[in-house]
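Hi everyone, thanks for coming.

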Amino acid sequence: MTKWEQHVKTKSSGSIHEQLSSSHKLIVEKKRKYIKTLIEITLFLSKQGLAFRGHDESKLSSNKGNFKETCDLLAKNCPEFEEKYSNLTNFTSHLIQDELVNLSAESIRSKITKEIKCNKVFGIMIDEARCFKEEQMSVCVRYTVGLNVVERFLGFVDVSENQNANSLCAEIFEFLTENQLDKYHIVAQSYDGASVMSGKFNGVQSKVKNKFPYAIYTHCMAHRMNIVVIDMCKIVKESRIVFNTIESLYKHFSHPTKNKTLVIMQRKLGVKISKINSLSDTRWNCRWKNCESVVHNY
């Protein structure tokens, strides 16, 4: 009789195997939902350009970093997330954070490659920057999606070992090969005016053109405009006097006490508070901003 009752019960609740299978399926779904939430946090912080880690990420820390603080916030308002996050193994370690970022980057690069695959041609835009005693080369691509021209950042390449034209060109081709873009043709290239990049005979642009003859080189328009503005400011007497005067104003009001007095005066007069920045040969927009500040505040 007992066995018959158990048999009848299995018809409504399912067999032991079915119960174990559905229970396992529910556990898998919860874990996938938890990991998906971590991925969404990773994408949000990356999109906003926010740092992931904190100086002190211990439980007693007042600021564990953006990643874990966001997780703590979600745990307070989402019981399902809190259930997994409170476990000892909650997949929020530094290694897991790095892996989530790298997987997200690979997914984005894969999408870019698929878009370029439709056109078979693309252009490259490359610049270098020094960071923490390392020389990093940023690689961007320019191509069309339908009738729209788009520019996409692919990644950084460490070129600290050598910065001559042969080494930089080799790094560029290797990076394109890693991203499966070596099969397609480069029809345009854009760099700054440094001789190692723009050199007609031994620069990177000439070596790229040896492999891709239709890769037209274009000097970066922003750098070109900056060069024109800088030369004009130095050669034309009137403009040189104007910017020398603005630089003197910057030096005068860069002192904290004098700057405080200036801010108080601006508030009393009801004008928009704006500051004068130091002139720089590499920041072409600082001259325009300084001129605008002088017109509205002085």
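Let's begin in the loop between helix 4 (79–85) and helix 5, where you'll find phenylalanine 91. Keep in mind as we go that this is a predicted model. Phenylalanine 91 is not a glycine, yet its phi is positive, at about 60°. Is phenylalanine 91 buried or exposed, or something in between? Its relative accessibility is 39%, so it counts as partly exposed.

Glutamine 180 is another residue to look at here. It also has a positive phi of about 60° without being a glycine. You can find glutamine 180 in the loop between helix 6 and strand 4, and it is partly exposed, with a relative accessible area of 48%.

Now let's go inside. The largest nonpolar core has 29 residues, and the ones touching the most other members are Ile116, Phe122, Ile126, Ile186, Val204 and Val208. Which elements give two or more residues to this core? They are helix 5 (94–119), strand 1 (121–131), strand 2 (134–145), strand 3 (148–158), helix 6 (165–178), strand 4 (185–191) and helix 8 (204–211). Helix 6 provides the largest share, seven residues. Apart from this core lies another one, of 11 residues, including Leu38, Leu45, Phe81 and Tyr85.

Let's zoom in on valine 204. If we leave aside neighbours within four places in sequence, valine 204 is in contact with Ala165, Leu168, Cys169, Ile172, Gln189, Tyr191, Val196 and Met197.

Next, a look at threonine 42, which sits in helix 2 (residues 16–48). Its relative accessibility is 0%, so threonine 42 counts as buried. Where does its side chain reach? To the backbone oxygen of leucine 38, at 2.9 Å. Not counting residues up to four places away in sequence, threonine 42 also touches Phe52, Phe67, Leu100, Val101 and Ser104.

For a contrast, move over to glutamate 151 in strand 3. With 44% relative accessibility, glutamate 151 counts as partly exposed. Its side chain makes a polar contact with the side chain of arginine 142, at 2.3 Å. Beyond residues up to four places away in sequence, glutamate 151 touches Met125, Val141 and Arg142. Glutamate 151 and isoleucine 124 are 27 residues apart in sequence, and their C-alpha atoms are 9.3 Å apart in space.

Now for some helix packing. Helix 9 (residues 221–235) and helix 10 pack at about 95°, with their axes 5 Å apart, and are therefore roughly perpendicular to each other. Met232, Cys233, Lys234 and Ile235 of helix 9 make this contact with Lys237, Ser239, Arg240 and Phe243 of helix 10.

Helix 10 (residues 237–253) also packs against helix 12 (residues 286–297), at about 75° and with the axes 11 Å apart. Helix 10 and helix 12 are therefore roughly perpendicular too. Here, Phe243, Ile246 and Leu249 in helix 10 meet Arg287, Asn290, Cys291 and Val294 in helix 12.

Cysteine 78 itself is partly exposed, with a relative accessible area of 30%.

How values were computed
Residues are numbered from 1 along each chain as its sequence is written. This is a predicted model: local features need pLDDT of at least 70, side-chain atom pairs count only at pLDDT 80 or more; totals for chains, interfaces and linings use all residues. Side-chain values use heavy atoms; hydrogens and water are left out. Helices (H or I, at least four residues) and strands (E, at least two) are DSSP runs, numbered from the N terminus. Buried means under 20% relative accessible area, exposed over 50%, partly exposed in between (1.4 Å probe, protein chains only). A polar contact is a pair of N or O atoms within 3.5 Å; within protein, one must be able to donate a hydrogen and the other to accept it, and residues adjacent in sequence count only if both atoms are side-chain atoms. Contact means heavy atoms within 4.5 Å. A nonpolar core is a set of buried Ala, Val, Leu, Ile, Met, Phe, Trp, Tyr and Cys residues joined through side-chain atoms within 4.5 Å. Axes are lines fitted to C-alpha atoms, for helices over the stretch in contact, and angles run from 0 to 180 degrees between N-to-C directions. Angles under 35 degrees count as roughly parallel, over 145 as roughly antiparallel, 65 to 115 as roughly perpendicular and the rest as oblique.
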